[in-house]
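Please keep the sequence and the coordinates at hand while reading.

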Amino acid sequence: MAEQSGAAAARTTNADGERVPTVIVDDVHIVYRVHGAGSGKGSATAALSRIVQRKTSPNVREVHAVRGVSFVAYRGEAIGIIGSNGSGKSTILRAIAGLLPAEKGKIYTDGQPSLLGVNAALMNDLTGERNVILGGLAMGMGKEEIYEKYQSIVDFSGIQEKGDFISLPMRTYSSGMAARLRFSIAAAKQHEVLMIDEALATGDRRFQKRSEERIRELREEAGTVFLVSHNNNSIRDTCERVLWLEKGDLLMDGPTEEVLAAYEEHTGGK
Amino acid sequence: MSTVSDTTHQSAVAVSTRPAPLPGDGLSPAELAAKHGLSVSGARPPLPDYVRQLWGRRHFIVAYSVARLTAQYTNARLGQIWNVLTPMLNAAVYYLIFGVLMNSKRGIDNYIAYLVIGVFVFNFTQSAILAGTRAISDNLGLIRALHFPRACLPISITLIQLQQLLYSLIVLVSIVLMTGETVGMGWLLIIPALLLQCVFNIGCAMFVARIGSEVTDVAQLMPFLLRTWMYLSGVMYSITTVKSHLPGVFGVMLELNPAAVYIDLMRYSLMSSFTSSQLPHHVWFAALAWSAIAGIGGFVFFWKAEERYGRG
């Protein structure tokens, strides 16, 4: 592990021999405001009187999802994020991607991080083929570039292995197929920061192997990869550093084996 | 989940933290970020950069609107025929009510052509605004999955409506020809009139897209506002005749409202009975001014909230 990260560092330092940070998270707090929570008082008259009296809705509840997390991620690192459900893993990734405002603290990034979530739908009523082309164009690829890469994206996704699915609308895909196609589209581009939020969990074993391979490639191209997963083996295979979040706090930040050992002990074995 | 195990892990943090929480030669996070040229995540790009990014996505805008239009009727048996059938049925309904039942022709030559042009041209603005209110909320999945300037969405939504208008123009031209109009050089004026209206619509779509993303109630309110606007815009009657029994200011306001301006220009281009004397003064200037105001104003207004779309 140590030699591996040493080698990665050699490729990813700047002229002064410093490691180049790609994501700096500085004491970030994230609070969700949930509308329509709480009980009763959702009637039309209640809503009207609220507007007349200029009161804010009593149904807004605050959920403090991330409480003061700080870390720095460097080029060429693959960082696993672990923790039980609801511990703030997806929330912190969405904040890094700029999709959630931080209540307090700041997040600095190199370029525009891309987040690949399990629910990130593309255009469900369009065919897989259209989705590949539109997805590529939306990410800022040129027309020629996307036509050039089209075949390799489709091959990588393995969508065509079971028949001609690429010409069917995406709503007809199984969740695993859709996730595979989404990952293939997103991975076709060189990202400074790519965050994968359990997007690989629905793929089959063969696809997981292939995508882990691609994650390693992305790292070698001096990008930073974040991986949220409940599968400790896939974190072991791809990441050399792990962040452990629990109830919105950063409990541990360190080399994979150390953190995973503590986590497995905490959750009561594998 | 005992507190005991929690405290042991807390103590483990201090021991095992390999990179110190915030390393970098004692620099503060902000200084470290500045040193390596990192920017605050999710910040809105400056306007010139934004325009450049948007221009870089022009292929996406076009491809997206074409794909959306072709996907629209995939579940219908008649498929793409609906693109032409919908405007035809629309025109038929309006003719039945306003032409036959209410007989509101009142001194308008070639009332069918007059009405159909009004309906189709207004429908272009109306549907662009209606679709614009839902431009953000309908595409949250796409917005959250991929990064692109969000202004792509209201623009491509307007382009979808423009393509539908072009289908409607097939119907329109055949109706106009059947009612005895002849093709002339004046027909070329359709092009600048449509271009100006298209820019106006894009601006309006961006304006309502931002409002619709912040206040979802607008989507419910919009159909009523648009219907009121339609009845004020001389779609099925002539503003010139109504104007005579209205105070002067109101008459001018009716005539110079953007929908009436674009409708009148189209009638002027296509109908020989609609002469320049029926056009309000400075009509081309009004058309240009409206598209500039809406286009630039709507774009800047939309850009101001760029970082907030898809959040929450």
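The model is a predicted one. Two arrangements are described: an open sheet of four strands in the order E2(A)-E1(A)-E4(A)-E1(B), and the contact of H9(B) with H14(B), whose axes come within 7 Å.

**The sheet and its helix**

- The pairing in the four-stranded open sheet is antiparallel, and its edges are formed by strand E2 (61-74) of chain A and strand E1 (39-40) of chain B, each of which pairs on one side only.
- Helix H3 of chain A, residues 89-96, packs on this sheet and touches E1, E2 and E4 of chain A, with its direction making about 115° with that of E1(A).
- Strand E1 of chain A, residues 21-34, runs antiparallel to strand E4 of chain A, residues 104-109, and five bridges join the two; Val25(A), for instance, has Ile107(A) in E4(A) as its bridge partner.

**The helix pair in chain B**

- Helix H9 (residues 190-214) and helix H14 (residues 283-303), both of chain B, have axes that cross at roughly 30°, and H9(B) and H14(B) are therefore roughly parallel to each other, since angles under 35 degrees count as such.
- The crossing in which H9(B) passes H14(B) is left-handed.
- On the H9(B) side the contact includes Leu196(B), Phe200(B), Phe207(B) and Arg210(B), while the residues met in H14(B) include Trp290(B), Ala294(B), Gly298(B) and Phe302(B).
- By class, the residues of this contact of H9(B) with H14(B) comprise 16 nonpolar, five polar and one charged.

Terms used. Residues numbered from 1 in each chain as written. Chains lettered and ligands numbered in written order. Predicted model: local features only at pLDDT ≥ 70, side-chain atom pairs only at ≥ 80, totals over all residues. Pairing = 2+ DSSP bridges. Contact = placed C-beta atoms within 7 Å. Axes fitted to C-alpha atoms, helices over the stretch in contact; angles between N-to-C directions. Parallel < 35°, antiparallel > 145°, perpendicular 65-115°, else oblique. Left-handed = near helix turned anticlockwise from the far one by under 90°. Nonpolar A, V, L, I, M, F, W, Y, C, P; charged D, E, K, R; others polar.
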